[in-house]
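Subject: The structure I promised you

Hi,

Here is the structure for you to open alongside this note. Have a look at it first, and then read on for what turned up.

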Amino acid sequence: MSDTAISVQHLVKRFGTTTVLDDITLQIPRGQVSCLIGPSGSGKSTLLRCMAFLEEATEGSIFIEGDPLGFVYDGTGKRQRQAASELRRVRSRIGMVFQQFNLWPHMTALGNVAAALRRVRGLSRSEAEAKALAQLTKVGLENRAGHYPSQLSGGQQQRVAIARALALEPKIMLFDEATSALDPELTGEVLNVMRGLAEEGMTMVVVTHEIGFAATVGSQLSFLDQGRLLFTGPPAEVFAKPRHPRLEQFLDTYLDRGASTLV
Amino acid sequence: MSWKLFSLLLEASLMTIFVSTISILIGLVLAILLSAANLSGIRPLQWGGKFFISFFRGTPLLVQLLLLYNLLPVMGIQMPSLATAILGLSLCTAAYQAENLRGGFEGVPRGLVESADMAGFSPAQTFFHIRVPIALRLTLPALINEAILILKASSLVSVVGLVELTRMAQNLVASTFMPLELYASAGLIYLVINLTVAVLGRQLEQRLPGAPAK
């Protein structure tokens with residue numbers, strides 16, 4: 001089996017005349033944490049959403065464990081949308097965690113985690129709930145199983161969202177600014193869950209503003225600016241000099257805020 | 001006015017409540033199907049739905065009922081007045097409820113649908129397990145309002161030969177010559193029914209988990 005979990009090839013994404021992603025080629029290694037960093041509007045979230053086919057790329061391809069995602073090319077090289085069943089099959093290897101949690105408000109924490117186990121995986125109610133409870137326990141929320149999202153803190157909601165994604169046993173987890181909507185004191189509990197997941201060897205792609213997390217947990221860092229991938233490499237290399245001037249400028253804004261101790 | 005007369009009105013009000021409740025429920029199911037047609041992305045279904053809504057919102061209920069009452073026999077369909085009344089009210093309220101629901105469906109956050117996609121839900125599963133429950137919660141106040149409107153509009157179904165509260169009052173007036181007492185009593189009964197619906201609706205709004213996110 002190849003060591004590449006996700007392969008992004010010459011990806012271009014345009015909204016009208018604006019180019020959001022400009023010819024991105026990137027390999028996401030299996031079993032490691034890859035972080036996408038960059039200023040707001042650099043295209044890092046769009047790139048991550050393309051990896052889940054929540055955004056459709058204008059050109060280029062994405063392969064999940066070698067299988068095309070979203071589009072396939074026919075014999076003549078023409079691009080076509082993948083059949084819905086095939087898309088669902090490939091997508092089932094991916095778990096996604098959103099900035100806004102996106103828990104279903106009319107279901108309890110347990111219901112959120114169990115829903116797809118029942119409806120998609122076809123487990124019985126009791127099997128699904130037992131499995132869901134095990135996942136909630138893993139993120140430390142077994143005593144909040146009966147709570148509705150509106151009764152949970154942001155950090156707790158995000159941990160439920162992580163449990164919901166993990167319950168479906170994905171091979172790859174995508175995190176889209178998972179802590180950006182949280183108060184600083186709630187950020188830690190979510191980062192801890194993510195750190196634990198990384199230690200278990202989960203393949204993770206993390207879009208984050210938490211440079212400290214990226215530096216200490218990430219094994220690959222990619223820096224995007226204005227839709228272009230300017231740098232990909234191990235964190236040590238990113239923080240060592242000489243480096244790309246735009247990246248340096250970006251990191252300086254963090255160092256100014258006292259993050260120098262991390263480097 | 002004697003208790004005897006008032007109890008006749010109360011009895012007739014049961015028919016009003018029955019016809020309205022059944023019609024609102026059938027109308028809700030039809031409205032959800034109309035919403036599904038609108039969201040399906042299939043053009044003929046969308047046009048069909050739009051035509052249905054335009055027709056039933058754009059013509060008076062009284063005309064619809066009279067048309068239905070005269071059209072069915074021409075088509076060779078024999079229906080008791082109760083069924084005709086329910087059919088007429090259901091079709092009309094379906095159009096209004098579909099319009100109410102449209103706002104609710106548009107208010108379902110995109111992220112909740114995306115998380116359903118990522119969980120592997122089929123479009124139908126996403127519709128019934130995510131979109132519908134959230135849209136219903138968002139439109140609950142409008143749906144309660146529609147229920148009250150239908151309870152009052154049900155006074156029109158007497159034209160298809162059904163004796164409900166209003167028609168019973170008219171009949172009693174014809175034989176007792178006590179219009180003030182009887183119509184005031186009928187109005188009072190409508191008021192009590194609708195206040196009850198409003199209070200129950202308010203309680204339902206507060207007790208439903210995960211009601212509209214602020």
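What share of residues 9-201 of chain B is helix, and how far apart are the end C-alpha atoms? Over that stretch the chain is 84% helix and 0% strand, with 25 Å between the end C-alpha atoms. Helices here are DSSP runs of H or I with at least four residues, strands are runs of E with at least two, and both are numbered from the N terminus.

Some housekeeping: this is a predicted model, where local features need pLDDT of at least 70 and side-chain atom pairs count only at pLDDT 80 or more, while totals for chains, interfaces and linings use all residues. Residues are numbered from 1 along each chain as its sequence is written, and chains are lettered from A and ligands numbered from 1 in the order in which they are written.

**What UniProt says about chain B**

The unreviewed UniProt entry lists residues 9-201 of chain B as "domain: ABC transmembrane type-1". UniProt positions follow the numbering used here, feature names are shortened, and annotations may be inferred rather than shown by experiment. In the model, residues 12-39 of chain B are 100% helix, with end C-alpha atoms 40 Å apart. Residues 182-200 of chain B are 100% helix too, and their ends lie 27 Å apart.

**Two helix pairs in chain B**

The axes of α6 (residues 123-153) and α8 (residues 179-207) of chain B come within 10 Å and cross at roughly 165 degrees. Axes are lines fitted to C-alpha atoms, for helices over the stretch in contact, and angles run from 0 to 180 degrees between N-to-C directions. α6(B) and α8(B) are therefore roughly antiparallel (an angle over 145 degrees). Among the residues making this contact are Leu140(B) and Ile144(B) of α6(B), and Tyr190(B) and Val197(B) of α8(B). Contact means that C-beta atoms, placed from the backbone, lie within 7 Å.

The axes of α5 (residues 110-118) of chain B and α6(B) come within 11 Å and cross at roughly 160 degrees, so α5(B) and α6(B) are roughly antiparallel as well. Here Leu112(B), Val113(B) and Ala116(B) of α5(B) meet Thr126(B), Ile130(B) and Ile134(B) of α6(B).

**Where the chains meet**

In all, 20 residues of chain A are in contact with 17 residues of chain B. α3(A) gives the most to chain A's side, with 3 residues.

Best wishes

Definitions and conventions. Two residues are in contact if their C-beta atoms, placed from the backbone, lie within 7 Å. Angles under 35 degrees count as roughly parallel, over 145 as roughly antiparallel, 65 to 115 as roughly perpendicular and the rest as oblique.
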